[in-house]
Amino acid sequence: MRDVIEFSQLVEINPHTAVTGRSAPFIGMEDVSEDGRLLNIRRRSFSDLSSGLSTFRDDDILFAKITPCMENGKGAHVVGMKSDAGLGSTEFHVLRARRDVIPRYVFHWTQSKRFRRAAEAMMTGSAGQRRVPVEFFHRYTIPQFNFEEQQRIVEILDAVDTRLARTREVLLGLERVLEGLMGSLADPRPEYAPRSWKVGPLGSFIQLQRGFDITVAEQREGDVPVVSSSGITSYHDTPIVAGPGVVTGRKGKLGRVFYLDGPFWPHDTSLWVKRFGGNEPKFVALLLSMLRLERWDAATSVPTLNRNSVHPVMVAIPDPVEQRRIINAVESMEGRIRSERMELSRVDALRTGLMEDLLTGRVRV
């Protein structure tokens, strides 16, 4: 059975650090991610900063006084700071590892769900002003680990964090490539479109049509999707449009675009593509998505899209062969993105499980 110690035995809480000079590194809540990454360290002059800021130095851990729960809690390990000291938001607790305690070990504790849920349970103050008090760190107890055990825990959890960071980097790269693939669709001006593409009003290539009214009471059990401005909302036994088809919002939710392989019923709150003009339906769906149709909201009390406002919009369209190439490239990239997102979710779940096992001593290292 391991000895139990107060978390405060690991750290100094909100230690004072002398900050000299007219400017200093500054970390605000917006500079820290919800998954423990330090996104940015800015330099700001003292005259721009409010009083009561926390002071930190390299290797300190920042822990948010507000919203500590894992879903939106914030915290970070400050590493690689070249200055002697910096200033942090008033909403951070600064934790400094004591002698014979590894700072990264402290950081992993502050990132664990167990720790954050306990911190949230001890928040004090009125609604909207609740904060994690300093007393929490004195009351929260953890198993005691020696320096060598801390080091092994850190090595394992850091390896998982490295895997997470690499997966995020790959995912970000793929998303940027996808954005580039669709860039030509986003800017249809002749000077930016390839010379082989045709440029003209959207209505000269396709035709949008208002959907058909049907109440829930009128719908009969079946497998034909009824597509409204927010997507498939129900099913009916009779289609009114043969697939494939493309539907977007006419009233209510605007901007989302839905592609359907088979027959469907476009609801009265939607617009559907009645004429594709020889263009690939999937390409038309990509094109409409990039146009951000919500920009043509008629500005009524209920968001409304008038097809007569959209048909004159200038677009650039490649020939069907090029359209199919674009579709294949986009679908391939989207498949890789889905795969990386699944990997990110898997590794993140692994990290959560390892934290619980290693930090509590359930699994010995």
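Helix axes, as used in this tour, are lines fitted to C-alpha atoms over the stretch in contact, and the angle between two of them runs from 0 to 180 degrees between N-to-C directions. The structure on display is a predicted model.

**First stop: helices α6 and α8**

Select α6 (281–291) and α8 (320–359). The axes of these two helices cross at roughly 70° and come within 9 Å. Angles of 65 to 115 degrees count as roughly perpendicular, and α6 and α8 are therefore roughly perpendicular to each other. The crossing in which α6 passes α8 is left-handed. To see the contact itself, show the side chains of K282, F283 and L286 on α6, together with Q323, I326, I327, V330 and E331 on α8. By class, the residues of this contact are five nonpolar, one polar and two charged.

**Second stop: the largest nonpolar core**

Next, select L202, V273, L288 and L291, which touch the most other members of the largest nonpolar core, a group of 39 residues. At least two residues of this core come from each of α4 (147–181), β18 (270–275), α6, β19 (314–317) and α8. Centre the view on L291: with residues up to four places away in sequence not counted, L291 touches L202, W296, V313 and V315. Another core, of 30 residues, lies apart from the largest one; F63, F136, Y140 and F145 are among its members. In soluble globular proteins, nonpolar side chains tend to be buried together.

Move to L171, a residue of helix α4. Is this side chain's residue, L171, buried or exposed? L171 counts as buried because its relative accessibility is 9%, and the cut-off for buried is under 20%. Beyond its neighbours within four places in sequence, L171 is in contact with I337, E340, R341 and L344. For a sense of scale, draw a distance from L171 to Q219: their C-alpha atoms are separated by 42 Å, and the two residues are 48 apart along the chain.

Select α1, residues 103–111, and keep α8 in view. The axes of α1 and α8 are 10 Å apart, and the helices pack at an angle of about 115°. This crossing of α1 and α8 is also described as left-handed. Where do α1 and α8 meet? Y105, H108, W109 and Q111 in α1 meet R351, M355 and L359 in α8. The contact of α1 with α8 has four nonpolar, two polar and one charged residues.

Return to α6 and follow the chain into the loop between α6 and α7 (307–310), where D297 lies. D297 counts as partly exposed, at 32% relative accessibility. Leaving out neighbours within four places in sequence, D297 is in contact with L254, P303 and T304. R292 lies in the loop between α6 and α7 as well. R292 has a phi near 50°, a positive value in a residue other than glycine, and is partly exposed, with a relative accessible area of 43%.

**Last stop: two further loops**

Select N14, in the loop between β2 (11–13) and β3 (23–27). The phi of N14 is near 50°, again positive in a residue other than glycine, and N14 counts as partly exposed at 33% relative accessibility. Finally, select P244, found in the loop between β14 (231–236) and β15 (245–249). A cis peptide bond joins G243 and P244, with omega about -5°.

Note on methods: Residues numbered from 1 in each chain as written. Predicted model: local features only at pLDDT ≥ 70, side-chain atom pairs only at ≥ 80, totals over all residues. Heavy atoms only, no water. Core = buried A, V, L, I, M, F, W, Y, C linked by side-chain atoms within 4.5 Å. Buried < 20%, exposed > 50% of the residue type's maximum accessible area, 1.4 Å probe, protein only. Helix = DSSP H or I, 4+ residues; strand = E, 2+ residues; numbered from the N terminus. Contact = heavy atoms within 4.5 Å. Parallel < 35°, antiparallel > 145°, perpendicular 65-115°, else oblique. Left-handed = near helix turned anticlockwise from the far one by under 90°. Nonpolar A, V, L, I, M, F, W, Y, C, P; charged D, E, K, R; others polar.
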